[in-house]
Structure formats: C-alpha cells, structure tokens
Amino acid sequence: MHQYTSLEETPREWYEEVGLMSGLEIHQQLLTRKKLFCRCPAGRYSREWDAEILRHMRPTLSELGEYDGTALMEFRTRKQIVYHIHKETVCTYEFDDTPPFEINEEAVDIAIEIALLLNLKMVSELHIARKQYLDGSIPTGFQRTTILGVDGWIPYRDRRIGIIQLGLEEDACREVSDVGHVRTYITDRLGMPLVETVTAPEMHTPWDVAGVAQVLRRLARATGRVRTGPGAAREDVNVSVRGGRRCEIKGVSSIRRIPLLVHNEAFRQLGLLQIKDELAQRGVRPEALEVKWVDVTERIGRTRYWPVLQALREGQRARAVPLRRCAGLLRHPIGPGRSFLQEVSDRVSVVACIDQHPNVLSTDVTDGNLSADEWQAVRRAAGAGAQDAVVVVWGPVDDLQTACEEIVGRMRLACDGVPNETRQALADGTTCFERVLPGADRMYPDTDLPPKKLPDERVERMRTRLPELPWHRRQRYVEAGLPEQVAERLSVSPRAALFDRLAPRAPRHAGRLATLLADHFRWLQRKGLPVERVDEAFLEKALGLVEAGALRFEALPALVEHRARHGHDGGPEEVAGRLGLRPAGDAEVAEAIAAATAELPASSFRDAETAWRATMGRLMKMKKLRGRVDGAALGARVRELVGGQGGRP
Amino acid sequence: MSADSYKGYRDPALSVLRQFGVRVWSDAEVETTRGRFVGIILPRSETADADHIVLKLRNGYNVGLRHDTIRGMKEVGYKEAVYRIPSKDFPHDPAKPRVKLIGTGGTIASRLDYRTGAVIPAFSPGELYGSVPELADICNLETEKICAVFSENMGPEQWTKLATTIAAEIEKGVAGIVIGHGTDTMHHTAAILSFMVQDSPVPIVMVGSQRSSDRPSSDAAMNLIHSTRTAASGDIAEVMVCMFGPTSDQYGLLHRGTRVRKMHSSYRSTFRTISDIPLAMVDRNGVTPLRDDYKRRRHDRNVRLDTAFDEKVSIVYYYPNMAPDIIDSLVDNGYHGIVIAGTGLGHVNRPLYPALRRAHEKGVAVCMTVQTIWGFAQMYVYETGREIMELGVFPAANMLPEVAYVKLGWVLGHTRDLAEVERMMTTPINGEITEREPHNGYLVFQGGVPEVEEFIRSYRK
C-alpha cells in the first residue's frame, strides 16, 4: 500500500522505489514578426472577434485501416467547434481556407540556433509533417510541424539529459469555452511559431523535472529571440511509474507547478495499479464487464438530492450501470481527495459531454446524496448484489448511451492498470482526463509544401552567431562584479546582449545598467508597455549624457518609461528637459534641502540621525530631485547641512 | 534489386543507396557528418531534388539527409508499406434509391498514403462506405470510374464519355447521378453537361472538395453526403454543382450548371451562382429549394444525349493595347469560334476592328461576353459596342465566358452557319442566359463597411 504523503514529506528515494520516470515536452514561442506559415502578425492577442466559423472534425483512417483512438474518442463527443476570428490577427490561412505560404525563415533561423544549443544532430532537409489533432484546437485538424534535429543533450547537475528532438511548429488556438457539445476557440494565437523540445524520460524525481525545465528555459532565452510572458512557454510533462504507463500532463504554464503535478501523478498511477491487482484477485476480466444499464428516472425522480432532482425536472434521464464484482473500487483513493469514481466522472464529462458536476454517483459513496431507500431501489433495478457496484449517471437522453459505454469502458481499462492518457493540469496540483494519448500513426507528410534544404552554410553561419550559454554568461557577470542575483536575472534576460554592448559606454554604472535592463524593463513590460520602443540608439545617447555629466543615471528609469509609453518623442536630452530631469546644481540642492527642512516639525531635529532621515524622507516625497542627483551624494550633502547640529540648518 | 527498390531516387543519392546496399523500405542506421539517424528509407518524390535521402524516423517524422553527409548505412530490417484503403461492404437496402457515382479524378474521394504522401483514390462503394458510412443511410451506391485526371486535364473527350455514361445510367433507371470532379474546371464540365445531356428525368449532381478527404476538417464527406442526398431524393432534375454554401460546416448550395463559377482559389465556399440565386440549399436532411423555376424529377427514363463538339474554339481575354495579331493568329490557325471577354458592357479597342471583320468574313463565329463576370453584354449602349456588332460580333447576353466557350464548341459541332450559330448561342437551353437579373443576383459584400461587418458577425461565415 502506498499511503498518500505530501510532496514536502516524501523523500527522494521513494520516487526511485516506485520507478518514477518523467520527460518533458517544452513549447516555446519564438520572437518573430510574423506567423510560421502565413504573414499575419505574431504575438498580437485579442479576445475581440468579428466573425465566426463552425467546423466538425472527422477521424481519418490510419494506414492499417484503424481509427486512431484519440480520433475516435473526439468523434464520439459529437462536438461542434466554433472559431472566433478577428481580421487583425488571422487571415484565411489559419482557418484553413488558404494553403500554407512558405515557412518563415526568421523562425527557422531561431530554431536552428536553439537546436545547436541543445547539441542536436541536424537534418539536411526539412520535411513538413501534419500532426493530427481532432479536439478542434487547430481548424485544419492537424498541426504543421517539422523536425530540425535529433538526439542531443543538455548538462544538468553532474550528468547529461538526452534531448530526443526539436521540432518547429505552429501554435494552436486558445479555448474559450467547452460546454455540452459546443467548444469555442479564439484563433489569435493560432499559427504562431514555436519550438517543441522533447527530452528523454531521464528525470526520476519531481524536483529534477522542474530543474531540467529551468535549464531548457534558460537556454532558449539565451538566444534573446523567444517570447516571454504568460503562455509564451508551456510544458507538457510525461510521467509513469513502474508497471504504469506514460501519461502526458498538458499545458503546465509555470515550472513551479511541475513538482506537485508529477508527485500526484505518481500516486494516481500507484492507486490505479492497486485497483488492477484487486480486480485480478477478484477474477474480473474486461470482457466480462458488459455495457448494461437500466433507466432509473422514475425510481429516483422524487429524490431530495438536489443535483439529480433538478436535472430530472428539466427532462433529463437517469440510468444505473451495474459493474459486477467491482464493489468498493470506485472509492479507492487515487490521490489527494480523489477516488476512482473521479476518473469515471471525467470520461463521462469529456466524451459524453455531460459536464454539469456532479454527473455520476456510485454505491461506493452513498452519504449525502440519494437516500438509503433510493439506493436500494437503484440496486434492485440494476440487479446488483453486495459484491457489485452501481454507477448512476444522469443527463440529456441523447448523451446517455455514450455515458454508459464510457463508465463500463473506464472500468475495463482499470483491469489493465494505467491507460495512456493526455491529462489536464488543475490548479490544485491534480489532473483530469483530457483525451486518449494519441499514437504514432497520427503523423503524415504535408503535401502542400515541398521539402526545404538546410545546407551546411546556413547551419554553420548560425553556429558562429550562437549566444553564450546562460551559465557561462552568469559566471562572467559575477566575475565582472555584478551581484549574484542581478547576474542571474540578466543572464537569462532578452536584453543581455544589449547590456554587453552598452556596458563599456558606462563603466562606472555597470551594476545599475544591469538592473535597469534586467528588472526595470521587465517591470514596464508587465505593466503592458511596449519596451521594444526603447531602442539601442536612445539608450546609448542617454548613457553618453550620463558619462558627460549632463544627466544623472538616476534619470534613466523615468526616461525609459517615457520612451516606452510615448515612442519617438525627441532625444534623451530633450525628453529629460521636458520632464525636468536635468541634474540639479549645488544651489538647487541646497534650496531643496532648505525647503524640505522648513516643512518638518521641530521634533524631527531632536538628534542628527532623526533629522537626516526626516529630511531625506521629505525630499523623496517632494520628488523635486528625483532622477536629478546621485542618491549617495545627496545623503552626504543632507548630513552636511542638517547633521550634527541637532537643529534646523 | 529492381528499379522499384530505389523508387524516385536519382544520382547522386541513388549511388549512395547502392553503395551501402540499402533500398526503399529498408529500416536503416545512417551515419552522417551531422550524426547518426535511424529510420525507414522512404521513396523520393519525383519532383524533389536528387541530393537527399528521405528517412521516416521512429517518432513518425520524415527528414531528409544529404547524400554527401552520409558516411555509412546499414540495413537492420525491411518494412515495406502496403497501403490499401479499408473497405467494408456497402449495405444494400431495397427500400433505398439507387445512386450512381461517376468518378473523373480529383480530390473528392482520395486518401493519403501516410508513408509516402502519395494520394490514393478511394472510390469503390466499399471504400467510400469505410470512410463516409452515412452514405448508406441515403441510398444504394454504385460507382464507376471513367477517367482519373486532374480537373485541368478534362476536355471534350472526357466530357463526351461522361455524358454518354450518364445517359446510359439514366436509361437503366437510376434515381440520380453524382459526379466526382476536381473543382478547378467543375463549372466548365457542369456547363457542357447541361448542353450534352438535356431533359434528364433525374438530378445530375457534380461534387468535389476544396480540402482533400485525408484531412480531418475536409469538406469532402459533407459534400458527398449532400450530393448523394440531392441525387437520391431531391426533386431538381438538372445538372447542378453541389458545394459548401458558407465556409462553415453548415449546408451546401445547389447551383445551376450554367450559372455557377469557382470564385476563390482555395475557400470552401468558392462556388457561387452568378447574376442569379442558387437553386437550393441542401443539408443532411434534404433539399430546400430557393426558387420554383427548376425542372422537376420525372419517373420516365427519357433523356436527350447530344455530344457534338467542335474543339476549334478559344476565349480571348481582352486587355488594353491588345494587338490585332492575337485575333489574326486564331483565324490563321483554323479556329471556328472565338469568345471575347470584353471590358465593361462588351468592348475592345479600335485596332482590333479589322481583325474582327476579317474573322467574320472567314466564317469564324465571334461572340462577346464580359470580363466583369456579373452583368450583361449590352453592345448597343455605346458607340464602340455598336461598331463592334457591325463587324459581325454578337453579344452573348449574360452568359459567363466559360459557359459561352463550351456552348460555342457545342453549337459549332452542329453547324458552322454563322446566323444559325448566333441563333443557337442566344437561345438559352438551361439558364445560361437569363431574361432578368434580380437585385440579389449580384452580392459581393464589401468588408469593413459597418453594416456588412455587423452582418458577418451575426452569421457564421
């Protein structure tokens, strides 16, 4: 038995004991001006839409004449897919009414750069493939994708982690809603170039998974040519334990969330393996679990259990599905606060589209729902004995057949332990079923585009331009005297190269320049300001003014913010003049200090230290000298004027 | 090893395969200057260069390896892909109508060979049932392939064969005909069939797809369902084109074969009825007519087949500064008929006049259509038009240029008497000329205009 323990109290050795294996698929958007296969602007997001398109996805047959499991599942959902489109962010390519244009060369260059950083073996010709997605997240039903290199590695602690491949592909839609049989997507993100890095399943603790994700993120960012911000990098985490199977946890938007998700997935798989053993012990075979059901609408139609009562009043129907010799299994724990019934409920929700929760009840958990009499009536109707479990499901009558099939189907899968699934990460660190994990057969060549050569000259040209590795860069910054934390942040900042170019122009201000570029820019970016407006020439000129004494470095944050806010609005000197950021002369400083002290109460001057603090505080509030004096020099000047006297100057 | 062992490979890549004793479908380990790659060697596309070898990696992706990077190759296995379309017996239901699907090629019924990317036609009833099982709810389907050409290669030979096959099927008593056709020239074929197969008692429905059927979002399945529904139980006994109405998966439109035109190079909703409204809408459940003046389904088996065709016909798309030698060269090359797509109401420049007069004198029939696509050729309005008519050029009213082209070929197959040619050309057979253009026959909405934007926002595209 594996009793659930929290992430914090689980020792590393435990993961080894249960045979945890985990690998990553990291999706990182590239910083290009345009999308991958059309000329729409990249990185422009808008929830606005001005037209709508409706599509259905139809499974296509694999070459063996079989439907891919994922495809079949998606078809069973009978979903209508609605796309919201906006003329500014998408053209007719994204919604599949125009064939692809030639691949974006800027994106290919960035991808080559990242592939080289991952020590991959580069192919000599790119072949565009179609990777099928039938959830509707891409209107074509497939993602255009291509492999640049295979079989590389990255350093992690004292070992190497294998990189299976790097693909360059187009991003998918953002889901807006998924209610009943209608799923709605917004298309703005669709077609944005991204690279997908796939690692070997060589991580064996939750912490290592997050650690490797960090290394990969830093490597990608070292190019300075990837997007940052919400949704720009997303991780899929593959997890299995010994005896279990690979499950893919999709769309993890933050590395910090990875350890708990991996930890909980390990426990979920262990729980499912226990259920498998129990089923084997009871001699339950999947083929013996028949899809049988009985309508129990009348029997529980007067229940006091509100969710059922309300649904039945709306005309929905209820069915009882007996599961022979499965008593007790539906309440078997599979993670914190989750039981196996949850897995059944997920399938009913996703495949049968009965997505008002709760959507199922079982004889394993009878507290707080149907009454004892009602449960007895259900049991009797289903012909269930003490060894049997019964699942009750309710919903629109058209969806109930699929629901009953899914309930029995999930129980059948349990006989085999852990099914291969794609699972969605939830905020509490658990996951829910999203779809059946797609097979390898979903790849096929894109006949719309010819192969593209990747000649040695091009690869070698990119190799000469490779950025410094982030850990080398960090070391260099530390050696140059930057504080460790600033060095760390700057080394992964997209403005690291800019720092390297600008730092020689302001040798006395390297530390402050680093903070300005790594932190202040980021802060402005988070406020939503377009920092790309602050061009290198502007900064160079401003630093020149600082060196010449015509401007204080302290004025730069305000200048930068102004530039980001208003774009080209005059040179730094002119803007500084307009914003009143010219350096303050001695007389002006003295005047300001006098004005500050005049506003202070006598009590502020009871001793030198208090007087100094109060005066400095007042000066800050007055903002008159902000950005116009050196902080340390001002402090000294105040001390000179008010300190030691114990009274007003 | 046979040549097939190196399918599509030419030197220098071919020599490399030979040198290391590997072939197409070898599961191979390849050492290159860029590293080691493992996968199955795929055939090379004939149109791709001769320098690269294509490998299908274990992950399903294909990559190309340049011949001169290869240091060594080793065959560790052999996995030939035998690709076939899955086929299930099409269920027969005596209560359901008989529909004949005639294939000409095109993408309506094809699947991709996932390994090579080659398109394989899916066509037998069993194959179609395997991919679109809904067809069995509609009809008993029979199929016959009369040719396998891209639609740009369709011509009089195929048209004649198609018309003859259709007439024979009608005489055998089918409830309706569906014709799978590439979309590029579907409107040319629809027009000529309207003249070659007249007074059909049953629907003749042309269908294709704008997205191939190997794609999950293909319009092929819905188009096939709509067209078989129309052929099986629809009441409109005319030659029609059945393709998407909007680009959304909502309904198809049935366009009269003589008034329809492909209007966008790639949109699903590319076919539009020009200068008029379509015959009907169609969805899974049936046909909803939009007008009443169509020919009704009959229960006889009488049809008039008339496959005359003179190939010496051309279209001249007029442009400013066109020189008379363009017309002269057609006349000198023995053409019997010329359709001009003129500017505006049907005009060409003055330097062409002597050439047009000469054409007329040599017995070449010259008729005028408009390159504006919508509207009538009305040559009496301006002096220019009147002058051109005096040269012997006659206006073809609001016949579409492509329709005028196939009709002129058909008419010249019957007579070369210029007066008779003009009479036959200007006497409509099935809507190729209409007496009046309704106000909603010309609707090219202009995006950006507020009320249009509002409309588009409220109805799915």
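**Strands, helices and what their labels rest on**

Modeller: Across from T369(B), in strand 22 of chain B, stands A341(B). This is a predicted model, where local features need pLDDT of at least 70 and side-chain atom pairs count only at pLDDT 80 or more, while totals for chains, interfaces and linings use all residues. Residues are numbered from 1 along each chain as its sequence is written, chains are lettered from A and ligands numbered from 1 in the order written, and side-chain values use heavy atoms, with hydrogens and water left out.

Colleague: What makes strand 21 and strand 22 of chain B a pair?

Modeller: Two strands pair if DSSP finds at least two bridges between them. Strand 21 (residues 337–342) and strand 22 of chain B have 6 bridges, in the parallel sense, so by that rule they pair. Strands themselves are DSSP runs of E, at least two residues, and helices are runs of H or I, at least four, numbered from the N terminus.

Colleague: Why is strand 22 of chain B called largely enclosed?

Modeller: Buried means under 20% relative accessible area, exposed over 50%, and partly exposed in between, using a 1.4 Å probe and protein chains only. In strand 22 (residues 365–370) of chain B, 6 of the 6 residues are buried, so the rest of the structure largely encloses it. Both faces are covered: A365(B), C367(B) and T369(B) are buried on one side, and V366(B), M368(B) and V370(B) on the other.

Colleague: How do you know that the buried residues of helix 8 of chain A line one face?

Modeller: In helix 8 (residues 372–382) of chain A, the buried ones are E374(A), W375(A), A377(A), V378(A) and A382(A). Looking down the axis, they fall within an arc of 160 degrees, so they line one face of the helix. The arc is taken over directions from the helix axis to the C-beta atoms. On the face turned away sit the exposed A372(A), D373(A) and R380(A).

Colleague: And what covers the buried residues of helix 8 of chain A?

Modeller: The cover includes strand 14 (294–295), strand 15 (317–323), strand 18 (360–362) and strand 19 (389–395) of chain A. Those 4 strands form an open, antiparallel sheet in the order 14-15-19-18.

Colleague: What makes strand 14 and strand 18 of chain A edge strands?

Modeller: Each has a single partner strand, so one side of each is left without a neighbour in the sheet. For strand 18 of chain A, 3 antiparallel bridges join it to strand 19 of chain A, with S362(A) and V391(A) as bridge partners.

Colleague: Why are helix 4 and helix 11 of chain A called roughly perpendicular?

Modeller: Angles run from 0 to 180 degrees between N-to-C directions, with axes fitted to C-alpha atoms, for helices over the stretch in contact. Under 35 degrees counts as roughly parallel, over 145 as roughly antiparallel, 65 to 115 as roughly perpendicular and the rest as oblique. The axes of helix 4 (residues 206–222) and helix 11 (residues 470–479) of chain A come within 9 Å and cross at roughly 75 degrees, and the two helices are therefore roughly perpendicular.

Colleague: Which residues of helix 4 and helix 11 of chain A make the contact?

Modeller: V215(A), R218(A), L219(A) and A222(A) of helix 4 face P470(A), W471(A), R473(A) and R474(A) of helix 11 in that contact, where contact means heavy atoms within 4.5 Å. They divide into 5 nonpolar, no polar and 3 charged. Nonpolar covers Ala, Val, Leu, Ile, Met, Phe, Trp, Tyr, Cys and Pro; charged covers Asp, Glu, Lys and Arg; the others, Gly among them, are polar.
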